[in-house]
Amino acid sequence: MSTVVRIDPTLCRGHAICALFFPGGVELDAWGFGRVVEPRPVARRTVRRALRAAAACPNGAVVVYDDRDGVGASGATPIGTL
Amino acid sequence: MIDLPELRVPPAVVGATTGGVATGTASAGAATGTADGEVRIGGLGEPGTVLLSGPGPGSGSESLAGHRARWGDLPGATGADVDDLLEASALDGRGGGGFPLARKVAAARDAGTAPVLVVNASESEPASGKDRALCVHRPHLVLDGAALAARALGAGAAAVHLHRGDAGPASALARAVEERRAAGVADPRWVLSHGPGRYVSGESSAVAAYLHDGDARPRFTAVPLAVRGPSGRPTVVTNAETVAHLAVVCRIGPAAWAGLGAAASPGTRLATVTGAVPEPGRVLELGGPPTVGEVLVATGVPAPPAAVLVGGYAGTWIDGAEAWQTPFERSALACLAASPGCGLVGVLPHGACGLTETSRLVRWLAGESAGQCGTCVAGLPRLADGLEALAGGRFHRRGLRRVEALGASLLGSGACGHPDAVVRLVRSTLDVFADDVVRHLAGAPCRGADHPPVLAVPAPFLPTAGPRPPEDFT
């Protein structure tokens with residue numbers, strides 16, 4: 001199983017909390033909007049950080065998907081909770 | 001392989017002489033499946049055309065009777081047959097992305113629940129006129145193709161999405177739908193949709209979203225629309241020209257259709273020529289495919305221009321002499337980091353300034369952002385500022401490096417491909433007009449400063465109150 005982390009740019013308002021919870025996984029662009037560095041974290045610890053970032057985003061812009069089918073995400077349903 | 005219905009090739013193709021600058025002798029070869037590399041260039045009703053064969057532009061919208069006389073009835077192919085034909089023809093999307101329709105259809109069918117079919121005829125690209133020409137003059141070819149695509153998907157209804165306020169295609173399609181209903185054609189239920197005329201509203205996720213909830217803005221999609229659209233149902237959004245080709249494939253067979261083009265780019269392709277040409281906005285059908293030079297000669301441009309904008313207003317500039325030799329098809333253009341896109345060919349004459357032209361395009365494109373993604377809202381106007389400063393000779397090396405860095409930070413930042421396309425346009429500008437960049441940086445007067453605008457830019461879209469980026473980001 002692989003996991004995909006994405007930031008919905010239409011929801012991101014640059015609170016930058018994701019970068020606090022998921023350093024190395026999310027970087028901030030020139031305007032402070034979040035950007036996923038590596039869309040496919042594989043280590044379990046990394047997934048945990050990504051989920052924490054997803055839970056902390058006030059706009060729900062960080063989404064973590066299970067990517068069993070390799071089409072981007074299976075069913076587009078975010079996986080797990082903290 | 002399935003049994004094809006009796007091969008019906010429009011008389012214009014069989015034994016036709018090709019128009020314009022055609023090379024080689026015309027034969028029925030292409031129409032019967034042997035790719036002879038014959039170059040075909042023709043406008044509406046001109047010899048050598050397939051989609052555009054039939055009556056000329058003066059005849060208005062083609063009637064069902066006229067359509068049937070040339071093409072016969074809607075083929076009785078089943079959904080599985082259409083699937084095989086899509087696969088065998090390798091029909092690629094003609095809205096800009098070039099994604100194979102067979103793969104979209106397969107993804108939607110595999111996803112299970114009732115798929116939605118949307119034929120995108122909204123043609124948001126301001127200078128492009130091919131979908132409009134098809135819908136106005138050959139509405140039954142578009143509807144035939146849509147009906148066949150709906151069969152392949154197992155969809156009971158098909159939407160044709162148009163731009164609000166453009167009465168021509170809307171009335172032609174509405175009339176065609178009435179004719180078909182009266183004639184009892186085995187059609188899906190037709191839905192004609194009229195979306196707002198904004199640039200990004202023609203993007204596939206925006207079209208799908210508009211049909212779902214009336215908000216015609218691109219959506220962030222974690223999975224392809226064909227797997228799961230905004231409504232939760234698999235949504236296949238495909239271009240009007242693409243389905244018109246499908247209607248032809250299902251009649252003349254995939255081999256004959258593919259033979260009208262090259263191995264890497266099967267079939268014919270519609271193009272719109274604009275800019276410094278005798279007749280801007282002329283729609284041509286290209287087979288073979290011809291080089292950009294051959295296309296331009298056919299439209300009355302005898303020698304290589306300064307540069308050619310390919311693929312759309314957010315397309316790619318190519319040096320005129322280089323473009324002249326390049327076949328107008330995907331793989332050849334890809335070598336120049338360009339794509340046929342929606343088929344737009346914009347001609348920049350000698351004496352005009354590519355930097356000035358592009359700065360106007362970028363300013364307009366920045367205003368066409370849907371205002372959803374912060375980086376696009378914040379970054380595109382800055383990119384336009386940079387281009388204007390460069391075009392106006394108010395720039396130094398450092399400013400140019402800032403524009404390049406700005407471009408890099410915009411790539412991949414949006415929910416749709418809008419910022420990426422604008423950045424690619426800017427990069428091709430700095431590359432193709434490198435000499436002009438040097439002159440402008442040196443403070444030399446712009447050679448094209450007094451040249452009238454070449455590529456017409458529509459009035460800016462009136463911005464609505466949208467989300468603002470944080471104030472302190474700079």
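Tutor: In strand 6 of chain B, B:R269, B:A271, B:V273 and B:G275 point one way, B:L270, B:T272 and B:T274 point the other way, and all are buried. Buried here means under 20% relative accessible area, exposed means over 50%, and partly exposed is in between, using a 1.4 Å probe and protein chains only. Seven of the seven residues of strand 6 (residues 269-275) of chain B are buried, so the strand is largely enclosed by the rest of the structure.

Before going on, some ground rules. This is a predicted model, in which local features need pLDDT of at least 70 and side-chain atom pairs count only at pLDDT 80 or more, while totals for chains, interfaces and linings use all residues. Residues are numbered from 1 along each chain as its sequence is written, chains are lettered from A and ligands numbered from 1 in the order in which they are written, and side-chain values use heavy atoms, with hydrogens and water left out. As for the element names, helices (H or I, at least four residues) and strands (E, at least two) are DSSP runs, numbered from the N terminus.

Now, who sits beside our strand? Two strands pair if DSSP finds at least two bridges between them. Strand 6 of chain B is joined to strand 7 of chain B by five bridges, and these two run antiparallel. Look for B:R269: its bridge partner in strand 7 of chain B is B:L286. The hairpin of strand 6 and strand 7 of chain B has six residues between the strands, and B:G281 in this hairpin takes a positive phi near 90 degrees. Strand 6 of chain B is also joined to strand 10 of chain B, this time by four bridges, and that pair runs parallel. There, B:V273 has B:V345 of strand 10 of chain B as its bridge partner.

Zoom out to the sheet. It is an open sheet of six strands in chain B, in the order 1-7-6-10-8-9, with mixed pairing. Its edge strands are strand 1 (40-42) and strand 9 (316-319) of chain B, each of which pairs on one side only. On average, neighbouring strands of this sheet are turned by 25 degrees against each other, direction ignored. Over at strand 9 of chain B, four bridges link it to strand 8 (residues 307-310) of chain B, and the two run antiparallel. One bridge there to find is B:A307 with its partner B:D319 in strand 9 of chain B.

Next, the loops attached to these strands. The loop between strand 7 (282-287) and helix 10 (292-298) of chain B holds B:P289. The peptide bond from B:G288 to B:P289 is cis, with omega near -10 degrees. Then find B:A337, in the loop between helix 12 (330-334) and strand 10 (344-348) of chain B. B:A337 has a phi near 60 degrees, a positive value in a residue other than glycine. With a relative accessible area of 59%, B:A337 is exposed.

B:S122 counts as buried, at 4% relative accessibility. Leaving aside its neighbours within four places in sequence, B:S122 is in contact (heavy atoms within 4.5 Å) with B:H161, B:L162, B:H163 and B:G202.

Finally, let's see some helices. Helix 2 (residues 79-89) and helix 8 (residues 240-252) of chain B pack at an angle of about 100 degrees, with their axes 10 Å apart. Axes are lines fitted to C-alpha atoms, for helices over the stretch in contact, and angles run from 0 to 180 degrees between N-to-C directions. Helix 2 and helix 8 of chain B are therefore roughly perpendicular to each other; angles under 35 degrees count as roughly parallel, over 145 as roughly antiparallel, 65 to 115 as roughly perpendicular and the rest as oblique. The contact is made by B:V82, B:L85, B:L86 and B:S89 of helix 2 of chain B and B:L246, B:V249 and B:C250 of helix 8 of chain B.
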